[in-house]
Amino acid sequence: MDPAEPGLVIIGAGHAGGAAAAFLRQYGWKGGITLLGEEPGLPYQRPPLSKAWLKGEATAESLLLRPARFYAQYAIETRLGTTAVAIDRAAQVVRLGDGTALPYARLILATGAAPRRLGLAGEAFANVLTLRHAADADALARVLGPGRRLAIIGAGYIGLEVAASARALGGAAVVIEREARVLARVAGLALSGFLAAQHRARGVEILTGAGVEAIEGRDGLATGLLLQDGRRLGCDAVLVGVGAAPNEAMALAAGLDAGGGVAVDLAARTSDPLIYAIGDCTRRPLPLYGREVRLESVPNAIEQAKQAAADICGRPPPLPEVPWFWSDQYELRLQMAGLAFDPAEAVLRGDPDSASFAVFHLDAAQRVLAVEAVNAPADFMAGRVMVAKQMQVAPAALRDPAQSLKDLCA
Amino acid sequence: MPRVTYVEYNGREHGIELEAGLSVMQGAIENNIPGIDADCGGECACATCHVFVPEEWLAKTGTPGEQEASMLGFAATAQPNSRLACQITMSEALDGLVVHMPEAQH
Ligand SMILES: Cc1cc2nc3c(=O)[nH]c(=O)nc-3n(C[C@H](O)[C@H](O)[C@H](O)COP(=O)(O)OP(=O)(O)OC[C@H]3O[C@@H](n4cnc5c(N)ncnc54)[C@H](O)[C@@H]3O)c2cc1C
């Protein structure tokens, strides 16, 4: 490794960037690796931020993707608290916030996504929060607890997980959702209905079909929400959880194919042969469904990190994967595999009243598109296999508790 | 410190020391051992840290819990001696443990 030679630069020391650095060394990259991160700390897991971390059940050390000594041991130079501001493709350098430039032989963009804002009056109050980084989670933890009421705008996974954590910490939570049901963009009807009922049974107030007109407050702090129908809700703090937008401004400014995510192929290559992009900031093909998608999940970040590292090291690409995701709320373990594009039928296996069931989504040809499992790990695993094989399965067989899924998968 | 040896599918061995209390999955991640993905970070949610435990170690590592067993039942290459490495906690009693990795984790 010649320190004078430009090496590989990774912008973004998050889940994807951290994983890429590790895979590059596993796959034999001999040049330098510089991991640039805007946040002050080493790469860490975000999923616990809305779950265990919020409830004080995780430590900063247990959150780390790899222990601190790892980076020195594998000659990965970390430059934390460092922001990249521009990519100069002609000069092959990354321009940094401090005015210096860092040359690259190869560049990986792993900048993640940023919480969307609503543009509402009152959104700048100090206790109106979003949740993406560890620092956000710390701010959120300070407003949770007995006697505190959190208003959560948006019933997505993060909003619902935080509602569950707020209740676990003895506080109150009210969730306001514009759509007619919770998780409208990411879950089927049955799962939405089940989860809404579970949250309500545990004291979370959920208002669907409700728009927020303004966040009201005084002395710089929010004290409540004004809804579009004129209702007012009091609260001690607000969490805005209405999705995230890819951090792609630098890629756009550099003239890369981007917009709705940096466009990449199955080797995580952008429109510039020296530049790769991975994780939440990308828009990628998903051959299983013949579509381009923007996925926001840890498994996807790891998968694309592998794709980029393999391509850079001249290795064959990883086998095509089935996208999947998990979420924990109360004692419910949710596991989802596949994506239900144009579903024709939803088949329920098991009994939601027993809090252990799965929903299989089939297309018009009865091919399994996706599975959503609640406390049903075997159904999740079976569904993942069926999605991968694009298996056609008779709904009656899926529904029949006496029918072994293992036999169906064989 | 107790030692674990990870054997890749191609036969390559990686011997490491692993602090008691950490999982066999964490040992692989912290030492960048190829073949263990650990997508979920140790939550027993993904079955991407699948390993095979040799007969002579099975009594000491114990048998899979209910959740783990149902996940393993559908892992592509599962065997009776399959375990998820995130569910094996290192201890002095496991000093010398050997685990073998499958060809792929999907
Ligand atoms: C609260 C929460 C809960 C979640 N729960 C789950 C879950 O249960 N399961 C699941 O699969 N996924 C979950 N996710 C999603 C998952 O965490 C993300 O998909 C994953 O972190 C994406 O990795 P990434 O590296 O693309 O982005 P990130 O992990 O966000 O990393 C991007 C990094 O790049 C840095 N950066 C951005 N721009 C620059 C710049 N110009 N210069 C330098 N650095 C820069 C950022 O500061 C950040 O550190 C959750 C996310 C959140 C926020």
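The model is predicted, so to speak plainly about its limits: local features need pLDDT of at least 70, side-chain atom pairs count only at pLDDT 80 or more, and totals for chains, interfaces and linings use all residues. Residues are numbered from 1 along each chain as its sequence is written, chains are lettered from A and ligands numbered from 1 in the order in which they are written, and side-chain values use heavy atoms, with hydrogens and water left out.

Rings of Phe, Tyr and Trp (its six-membered ring) pair if their centres lie within 6.5 Å; planes under 30 degrees apart are stacked, over 60 edge-to-face, and the rest tilted. That gives 8 aromatic pairs over all chains. One of them is edge-to-face: Tyr289(A) and Phe341(A), 5.4 Å centre to centre with 75° between the planes. Both sit in loops, Tyr289(A) between strands 19 and 20 and Phe341(A) between strands 22 and 23, so the pair links parts 52 residues apart in sequence (strands being DSSP E runs of at least two residues, helices H or I runs of at least four, numbered from the N terminus). Tyr289(A) is buried at 15% relative accessibility, while Phe341(A) is partly exposed at 23% (buried is under 20% relative accessible area, exposed over 50%, partly exposed in between, with a 1.4 Å probe and protein chains only).

Trp324(A) and Phe380(A) make a tilted pair, with centres 5.7 Å apart and planes at 55°. Here strand 21 meets helix 9, so parts 56 residues apart are tied together.

Arg291(A) puts its charged end over the ring of Phe341(A), 3.9 Å from the centre (NZ of Lys or CZ of Arg within 6 Å of the ring centre and within 35 degrees of the ring normal).
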